[in-house]
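Okay, thanks for making time, everyone.

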Amino acid sequence: MANIFRKPRAGAGRLGLYLLIFAGSALALNAWIFSGPAIMWSRSLNNPPWAPPGAVIGLVWMVQFTLLSLSAFLVDRLGDPTRKDPARLAVTAWWLVCLAWPVAYFGFQSIAGGVYLTIAALILGVPALLLTWRTVKPAALVLLPLQAWLIFALVLIVTVWRMNP
């Protein structure tokens, strides 16, 4: 006899929802950044010669937010049912901090805000990685590029901060 109270495993619809929310927000932020005064302010800053072009950074963030959505989906689909909620909460919190970065940096034109939020995202990444690892290992593995990117981003944003007193 089937257990009618058992929740079904997350399917393609759930993945689509995560992509719409996570990657869709990155797409919307890129549109806002590259179509308004935010990009003009950013271009007026001194940048190190090794800084990637803005379009590359925007593309990297699209990939990172897509990986966040994939991680959340894997937690839902394959994760240990007793550990799903903390892992899903950690991934969502990490996404929200990453989402706040362009608002602080571009919206408020605050390089310092970008530095502080990058540090916060790096710190929040540790428990997010640990919780997803405990829940379902592939969900944690797809998040490793985000943590690596945040290390690079921190070096970049601190350099920009020092070049623009």
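Predicted model: local features only at pLDDT ≥ 70, side-chain atom pairs only at ≥ 80, totals over all residues.

As a reminder, side chains of opposite charge can pair when their charged atoms come close.

Which residues are linked in a network of salt bridges? Arg14, Asp76, Asp85 and Arg88. Let me take that network pair by pair.

Start with Arg14 and Asp76: their closest N and O atoms are 2.8 Å apart. Arg14 sits in helix H1 and Asp76 in helix H3, which is residues 54–78, so this pair ties together parts that are 62 residues apart in sequence. Arg14 has 35% relative accessibility, so it counts as partly exposed. Asp76 has a relative accessible area of 3%, so that one is buried.

Asp76 also meets Arg88 in a salt bridge, with 1.9 Å from N to O. Here again the pair links distant parts of the chain, with Arg88 in helix H4 and Asp76 in helix H3, twelve residues apart. Arg88 comes out at 22% relative accessibility, and the cut-off for buried is under 20%, so Arg88 counts as partly exposed.

Then Arg88 reaches Asp85 too, at 2.5 Å from N to O. Asp85 is at the open end of the scale, exposed with a relative accessible area of 53%.

While we're on H4, let's check its length. The helix runs over residues 84–107, and at 1.5 Å a residue its 24 residues should span 34 Å; the end C-alpha atoms are 34 Å apart, so the two agree. Just after H4, Gln109 takes a positive phi of about 50°.

Let me zoom out for a second. Of the 165 residues, 43% are buried. And if you take contacts with a separation of 6 or more, 83% of them are between residues 24 or more positions apart.

Okay, aromatics. The count comes to twelve aromatic pairs. One of them is Phe22 with Trp95: the ring centres are 4.7 Å apart and the planes sit at 35°, so the pair is tilted. Phe22 is in helix H1, residues 12–35, and Trp95 is in helix H4, so this pair ties together parts 73 residues apart in sequence. Buried or exposed, where does Phe22 fall? Phe22 is buried, with a relative accessible area of 3%. Trp95 is buried as well, at 10%.

Here's another aromatic pair, Tyr116 and Trp161, and this one is edge-to-face, with 5.9 Å centre to centre and 80° between the planes. Tyr116 lies in helix H5 and Trp161 in helix H7, residues 144–163, so the pair ties together parts that are 45 residues apart in sequence. Tyr116 has 53% relative accessibility, so it counts as exposed. Trp161 has 33%, so it counts as partly exposed.

There's also a cluster of rings, where ring pairs link Trp50, Trp61, Phe65, Trp149 and Phe152.

Back to Tyr116 and Trp161 for a moment. Together with Ile119 and Ile123 they form a nonpolar patch on the surface, with about 410 Å² of accessible area. Which helix gives the most to that patch? Helix H5, residues 111–135, with three residues. For the chain as a whole, the accessible surface comes to about 9,100 Å², and 72% of it belongs to carbon and sulfur atoms.

Ser42 lies in helix H2, which is residues 37–43. Its relative accessible area is 15%, so Ser42 is buried. What does Ser42 touch, leaving out residues up to four places away in sequence? Asn47 and Phe106.

And that's my tour. Happy to go back to any of those spots on the screen.

Definitions and conventions:
Residues numbered from 1 in each chain as written. Heavy atoms only, no water. Helix = DSSP H or I, 4+ residues; strand = E, 2+ residues; numbered from the N terminus. Buried < 20%, exposed > 50% of the residue type's maximum accessible area, 1.4 Å probe, protein only. Contact = heavy atoms within 4.5 Å. Patch = residues over 30% accessible without salt bridge, like charges linked within 9 Å, V, L, I, M, F, W, Y side chains within 5 Å. Areas by Shrake-Rupley, 256 points an atom, 1.4 Å probe, with all protein chains shown as cover. Salt bridge = Lys/Arg side-chain N within 4 Å of Asp/Glu carboxyl O. Expected span 1.5 Å × (residues − 1). Phe/Tyr/Trp six-rings, centres within 6.5 Å; stacked < 30°, edge-to-face > 60°.
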